[in-house]
Amino acid sequence: MAFDELLNDPVIQKYLHELVGPTGMPVAAAPPDGEVTDEELAEELGLELNDVRRALFILYENDLATYRRVRDEDSGWLTYLWTFHYENIPENLQSEMYRLLDALEERLEYERSHEFYLSEPAGIRFEFSEAMELGFQCPETGAPLEPIENQEMIDAMERRIDSLQSELNVGVTQTV
């Protein structure tokens, strides 16, 4: 089965786990060949039918499963036959990496363009405008708000952005 190779990759295992959660992981980790009903999966895996259906619909929403409906001519009941499409996982992961890159670049710009103050006792960080409105005093503890340097965070974000850009083979999208 082509899925076996994908499912042995820890990155893909983590991705599937993040999508379907621990209760849906048995469904995601055991894709059958061909079509299968949700009832068959629930019985085969010993899971609640609702948990199986929830996992299947999450996989469907992420283009990792499709279904077709078949109506029983006698009863009129609809049966859903599911097929897994894990060949879409690499493309989905790449899209996630682009989303992460965009979010990091946006956050980096925010960190660079703002000044921050910290209430050490409460562990709360405030932007300059918030700190000024509060009279540079923590609203929870009354402690003075101290200016903090965020260069270490900026440096870490820049390293992560460089790493993602390298993995995605994209040029630098933001000047440093």
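Helices (H or I, at least four residues) and strands (E, at least two) are DSSP runs, numbered from the N terminus. Helix α5, residues 89–113, holds Met97. This is a predicted model: local features need pLDDT of at least 70, side-chain atom pairs count only at pLDDT 80 or more, and totals for chains, interfaces and linings use all residues. Side-chain values use heavy atoms, without hydrogens and water, and residues are numbered from 1 along each chain as its sequence is written.

**Domains**
- The protein chain is assigned domain 1 (3–84) and domain 2 (90–168); such bounds come from an automatic or database domain assignment.
- The centres of domain 1 and domain 2, taken over C-alpha atoms, lie 38 Å apart.
- An unreviewed UniProt entry lists residues 8–90 as "domain: HTH TFE/IIEalpha-type".
- Residues 8–90 are 52% helix and 19% strand, with 14 Å between the end C-alpha atoms.

**Helices α2 and α4**
- Helix α2 (residues 10–29) packs on helix α4 (residues 49–61) at about 140°, with axes 9 Å apart.
- That makes α2 oblique to α4; angles under 35 degrees count as roughly parallel, over 145 as roughly antiparallel, 65 to 115 as roughly perpendicular and the rest as oblique.
- Contact (heavy atoms within 4.5 Å) involves residues of α2 including Leu16, Leu19 and Val20, and residues of α4 including Asp51, Val52 and Ala55.
- The contact residues of α2 with α4 comprise 10 nonpolar, 2 polar and 1 charged.

**Met97**
- Met97 touches Leu164, Glu167 and Leu168, leaving out residues up to four places away in sequence.
- Between Met97 and Leu45 there are 52 residues in sequence and 32 Å in space, C-alpha to C-alpha.

Note on methods: Axes are lines fitted to C-alpha atoms, for helices over the stretch in contact, and angles run from 0 to 180 degrees between N-to-C directions. Ala, Val, Leu, Ile, Met, Phe, Trp, Tyr, Cys and Pro count as nonpolar, Asp, Glu, Lys and Arg as charged, and the others, Gly among them, as polar. UniProt positions are given in the numbering used here, feature names are shortened, and annotations may be inferred rather than shown by experiment.
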